[in-house]
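Please open the structure in a viewer and keep the selection panel at hand.

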There are 2 protein chains.
Amino acid sequence: MSDAGRVGATIGVDIGGTQVHGVLLGGDGAVLAEARVPTPQPETDDVAVPDAAGHDVAEAVLAVVRELRAAGGAQPPRRVGIGAPGMVDREGILRFAPNLPGASGADLGGLVSEGIGDLLVDVENDANCAALAERRFGSLRDVEHGMMVTLGTGIGVGLVVGGRVEIGASGFAGEAGHMIVDPAGPPCPCGRRGCWERYASGGGLGRLAREAAYAGRLAHVVATVGGDPENVHGEDISTAALGGDEGALGVLDELGWWLALGLANLVTVVDPERIAIGGGLGEAGHLLLEPTRRAFGALIEGGPFRPPIEVVGAALGERAGAIGAGLMARADRSP
Amino acid sequence: MSDAGRVGATIGVDIGGTQVHGVLLGGDGAVLAEARVPTPQPETDDVAVPDAAGHDVAEAVLAVVRELRAAGGAQPPRRVGIGAPGMVDREGILRFAPNLPGASGADLGGLVSEGIGDLLVDVENDANCAALAERRFGSLRDVEHGMMVTLGTGIGVGLVVGGRVEIGASGFAGEAGHMIVDPAGPPCPCGRRGCWERYASGGGLGRLAREAAYAGRLAHVVATVGGDPENVHGEDISTAALGGDEGALGVLDELGWWLALGLANLVTVVDPERIAIGGGLGEAGHLLLEPTRRAFGALIEGGPFRPPIEVVGAALGERAGAIGAGLMARADRSP
């Protein structure tokens, strides 16, 4: 993807598992306005059946777009980029979205265009958008071979190869949250077992946290949520870890180990010089990055015999996806 | 890698775990002569210590080169390409070679140049060489996004991205035999546990076969090797499977499942349109490809929602590595 043809301000929208986040992006890359709405939750658990959720998600995107267009003044932007979680093909169709159930198969670009007639809408994988943003303005600037890893409800990966975001034959490169790292592991919404994002995403943190709670390693945290281990969520771990809770820090260590395992696997495939970590969970900052870096050093193949690979926080934080979607809206889709 | 600057006949040498195989490659890509010697086995098991084995391997390569130069007639080729298993950096140094113990750190190009003064020698990862050959002449011809997977003592992967062999930031892309697919799995010579090649390579076949033999699922095969399960090797399985032995076919099914698991993981990262399977174990042909394709269909993320990805046998068979090394010798190293 490139954005050679600049067209002034654009709108970028990042569809996450919990919120739809949009930015009005100036021609210089500045964020001129922001808007957020909750992500509509589907009425079906069957990830393979397109239903009203595709429409609901499009309505949420439209709400964000309308708010940002109004902020655009007398000449509101006409170009909108949407970053969607899952397998987005080269025509912008969201073919399969394990973490946005019911939206698989959705033509979000078409639905949003129908809602506002004079929009030019393009759809791309959310992590690919984030990689584009970090490559342009953030922690992957000047990197020829790099990876952007977004930790949200699932894990998204955007690959930078030869200085460009590489989307693969069908547009599905970087779906590495669904690398199987333990064939006997827990079931994944994608229909298989032991996918990396079952361990190392926001959702994975919740699962690791509840396991630790049931095992009695989170007594203090469990007490703060009313005594039921089932009520422990990822955010409780981050909060407790900030306060120095040993059990919570232990869960983040475990999360960091799994994150590092998948990063080490990705390194064996694409050999990047730098890896940027972003997404909602990336906001945990050094509490997550430090255990990840420790484990990464031990898990990487031939570590002592290769140049160090930097693991850094995404400079644009959780805004990377929306900013990248706005950048992508400037561009031809052809990579 | 490209071979824009054609320079007539070259020599390509592929260093495998059991044999060093060379070809004299004509300017038109025809194999004009072949030579083989056994791969020297190291005196140490410590994969991290460069020792005489680097020199022994270089001597074996020199023996092959001398034989092929003699076959070159009055104007023997001066350019030699070497494909080596493991992490070969952009300067051609074999930084880490779990399956060629003792050669880690070896400057094979320098050693071979010292042996014959007027040679131009270049060294590249063996699977990257095989990918170059299949991309030029074989089953990846005209493929923009593809993978070459060589199954020998270990697993090598060569990536084709945008029509070119992609070697990554340091030259180490495609080391995916060392993706961890089961953190509790058997130890790997690389120093970690549960690497893909512990399950799906020639070495992995031997391990799966002995497990099946001890479990009593290979009674006939065990009888043919004298009654001791420890004596069952990969070749015994291939032979028995060709004869229709149910137990042996079961082991190949299991091998195919693990092979498919790793391929499905790679697909989540790079999204190829076609995957070529080669190397010594690739010679098992449909006996391995059929169970692999069956399992691959079930293991790939979002299989029903994406274009089919072809899994085919390498057209150049086990010669792909040496031919690719000969092609690489024509080229600038810069990708």
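A residue is called buried if 20 or more other C-beta atoms lie within 10 Å of its own, exposed if 12 or fewer do, and partly exposed in between. The model on the screen is a predicted one.

**First stop: helix H10 of chain A**

Select residues 320-328 of chain A, which form helix H10. By the definition above, nine of the nine residues of this helix are buried, so H10(A) is largely enclosed by the rest of the structure. The buried residues include Ala320(A), Ile323(A), Leu327(A) and Met328(A); Gly321(A), Gly324(A) and Gly326(A) are also among them.

**Second stop: the sheet of chain A**

Next, display the strands of chain A. Five of them form an open sheet in the order S3-S2-S1-S4-S7, with mixed pairing. Which strands stand at the edges? They are S3 (31-38) and S7 (120-125) of chain A; each has a single partner strand, so one side of each is left without a neighbour in the sheet. On average, and with direction ignored, neighbouring strands of this sheet are turned by 20° against each other.

Strands of a sheet pair through backbone hydrogen bonds, either parallel or antiparallel. For an antiparallel example, select S1 (residues 10-15) and S2 (residues 19-25) of chain A, which pair over six bridges. Within this pair, Ile15(A) has Val20(A) in S2(A) as its bridge partner.

Helix H2 (residues 108-115) of chain A lies across S4 (79-84) and S7 of chain A, and runs at about 155° to S7(A). H3(A) also packs on the sheet, where it touches S1, S4 and S7 of chain A. The direction of H3(A) makes about 95° with that of S7(A).

Select Asp142(A), in the loop between helix H3 (126-137) and strand S8 (146-151) of chain A. Its phi is near 70°, a positive value in a residue other than glycine. Is Asp142(A) buried or exposed? Asp142(A) is exposed, because 9 other C-beta atoms lie within 10 Å.

Then move to chain B and select Asp271(B), in the loop between helix H8 (246-270) and strand S11 (274-278). Asp271(B) is not a glycine, yet it has a positive phi of about 55°. With 23 other C-beta atoms within 10 Å, Asp271(B) is buried.

Display the strands of chain B. Here an open sheet of five strands has the order S3-S2-S1-S4-S7, and the pairing is mixed. At its edges stand S3 (31-38) and S7 (120-125) of chain B, each with a single partner strand, so one side of each is left without a neighbour in the sheet. From one strand to the next, the twist averages 20°.

For a parallel pair, select S1 (residues 10-15) and S4 (residues 79-84) of chain B, which are joined over four bridges. In this pair, Asp14(B) stands opposite Gly83(B) in S4(B).

Helix H2 (residues 108-115) of chain B lies across S4 and S7 of chain B and runs at about 155° to S7(B). H10(B) lies across S1, S2 (19-25), S3, S4 and S7 of chain B, and its angle to S1(B) is about 135°.

**Last stop: where the chains meet**

Finally, show both chains together. In all, 39 residues of chain A are in contact with 39 residues of chain B. On the side of chain A that touches chain B, strand S6 (94-96) and helix H8 (246-270) are the elements that give two or more residues. H8(A) gives the most, with six residues. The residues of this side divide into 20 nonpolar, nine polar and 10 charged.

Chain A can be laid on chain B with an RMSD of 0.0 Å by a turn of 180° and a shift of 0.0 Å along the axis. That is the relation of a two-fold axis. The same surface serves both copies, as 100% of the contact residues of chain A recur in chain B.

Definitions and conventions:
Residues numbered from 1 in each chain as written. Chains lettered and ligands numbered in written order. Predicted model: local features only at pLDDT ≥ 70, side-chain atom pairs only at ≥ 80, totals over all residues. Contact = placed C-beta atoms within 7 Å. Nonpolar A, V, L, I, M, F, W, Y, C, P; charged D, E, K, R; others polar. Pairing = 2+ DSSP bridges. Axes fitted to C-alpha atoms, helices over the stretch in contact; angles between N-to-C directions. Least-squares fit on C-alpha atoms with pLDDT ≥ 70 in both.
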